[in-house]
Amino acid sequence: MIIVKSITEIEKVMNEGTSNRKTAETKMNKESSRSHCIFTIYIETSEDDEKTGESRIKAGKLNLVDLAGSERQSKTGATGETLKEATKINLSLSALGNVISALVDGKSTHIPYRDSKLTRL
């Protein structure tokens with residue numbers, strides 16, 4: 001966890017994280033993202049209660065998610081490592097779709113959160 005105290009510091013950390021993302025060229029996309037990216041921001045603020053004089057802390061959590069796109073492997077021309085990455089991306093997106101479907105179904109007795117690292121979050 002990295003503690004920041006300004007928007008400028010947040011932007012610096014987000015830019016650093018973005019620069020660590022892997023991309024590869026395919027027939028469909030010159031800079032195809034090969035990874036998902038999740039930034040979790042915890043926000044805390046403290047304020048004094050005018051009536052009691054006590055300090056109160058308010059906290060929140062914000063998840064910013066950028067998912068790598070699903071790809072038709074036959075159209076991208078991906079081979080080798082890029083093809084393996086595309087397969088993993090498609091599997092994780094499929095697992096996410098299964099979790100969402102189970103949540104909105106209303107009849108499902110099991111939500112398959114543990115089927116992917118992505119859905120465990």
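Figure 1. Helices (H or I, at least four residues) and strands (E, at least two) are DSSP runs, numbered from the N terminus. Going along the sequence, you get the pattern α-β-β-β-β-α-α-α. This is a predicted model, where local features need pLDDT of at least 70, side-chain atom pairs count only at pLDDT 80 or more, and totals for chains, interfaces and linings use all residues. Residues are numbered from 1 along each chain as its sequence is written, and side-chain values use heavy atoms, with hydrogens and water left out. Of the 121 residues, 21% are buried (under 20% relative accessible area; exposed is over 50%, partly exposed in between; 1.4 Å probe, protein chains only).

**Figure 2. Ser116 sits in the loop between α3 (80-105) and α4 (117-120).** Is Ser116 buried or exposed? It counts as buried, because its relative accessibility is 8%. Skipping neighbours within four places in sequence, Ser116 is in contact (heavy atoms within 4.5 Å) with Ser92 and Ala95.

**Figure 3. Lys84, Lys88, Arg114, Lys117 and Arg120 form a positive surface patch.** Both α3 and α4 give two or more residues to this positive patch. Patch members have over 30% relative accessible area and no salt bridge, with like charges joined within 9 Å and nonpolar side chains (Val, Leu, Ile, Met, Phe, Trp, Tyr) within 5 Å. A salt bridge here is a side-chain nitrogen of Lys or Arg within 4 Å of a carboxyl oxygen of Asp or Glu.

**Figure 4. Arg120 lies in helix α4.** Arg120 is exposed, since its relative accessible area is 54%.

Notes:
Areas by Shrake-Rupley, 256 points an atom, 1.4 Å probe, with all protein chains shown as cover. Lys, Arg positive; Asp, Glu negative; His and termini not counted. Charge placed at Lys NZ, Arg CZ, Asp CG, Glu CD.
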